[in-house]
Amino acid sequence: SGIGNSLSEALHAATTYLVQWLKDRYQLSTGDIAMLLGTSLEYGVAEIVDPRPRVVAKLKKSVLAQITP
């Protein structure tokens, strides 16, 4: 998830953290990650009332199960 001073910053942070996790956990290339996120990425707004919004970037477990490191 990502927290920012704006919804845009929180969205960017959440995406950045997910990309880094995919690189670390599955050793995917930047191109592979772009294709994966382009077809399967989902966002959820976890907190918007607080002055610093929080956004969650997620992939379904069924999608992750198809990845072979």
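Select Glu 42 and Lys 60 to begin with: their side chains meet in a salt bridge with an N to O distance of 3.8 Å, the term meaning a side-chain nitrogen of Lys or Arg within 4 Å of a carboxyl oxygen of Asp or Glu. Glu 42 lies in strand β2 and Lys 60 in the loop between β3 and α3 (61–64), so the pair ties together parts that are 18 residues apart in sequence. Helices (H or I, at least four residues) and strands (E, at least two) are DSSP runs, numbered from the N terminus. Glu 42 is partly exposed at a relative accessible area of 31%, and Lys 60 is likewise partly exposed, at 48%; here buried means under 20% relative accessible area, exposed over 50%, and partly exposed in between (1.4 Å probe, protein chains only). The structure holds 1 salt bridge.

Before going further, note that this is a predicted model, in which local features need pLDDT of at least 70 and side-chain atom pairs count only at pLDDT 80 or more, while totals for chains, interfaces and linings use all residues. Residues are numbered from 1 along each chain as its sequence is written, and side-chain values use heavy atoms, with hydrogens and water left out.

Next, select Ser 40, which lies in helix α2 (residues 30–40) and is buried, with a relative accessible area of 17%. Which residues does Ser 40 contact once its neighbours within four places in sequence are left aside? They are Lys 58, Leu 59 and Val 63, where contact means heavy atoms within 4.5 Å.

Phi of Gln 27 is near 55 degrees, a positive value in a residue other than glycine. Most residues other than glycine have a negative phi. Gln 27 counts as exposed, at 55% relative accessibility.

For the surface, select Leu 7, Val 45, Ile 48 and Val 49, which form a nonpolar patch with about 420 Å² of accessible area together. Patches are made of residues with over 30% relative accessible area and no salt bridge, like charges being joined within 9 Å and nonpolar side chains (Val, Leu, Ile, Met, Phe, Trp, Tyr) within 5 Å; accessible areas come from the Shrake-Rupley method with a 1.4 Å probe, and for residues only the protein chains shown count as cover. Of these residues, Val 49 is found in the loop between β2 and β3 and counts as exposed at 80% relative accessibility.

Pro 51 is also placed in the loop between β2 (42–47) and β3 (54–58), and it is exposed, with a relative accessible area of 69%. Draw a distance from its C-alpha to that of Leu 28: the two residues are 23 positions apart in sequence and 34 Å apart in space.

The C-alpha trace spans about 40 × 20 × 20 Å along its principal axes, and 30% of the 69 residues count as buried. Among contacts with a separation of 6 or more, residues 24 or more positions apart account for 48%. The chain exposes about 4700 Å², of which carbon and sulfur atoms supply 55%.
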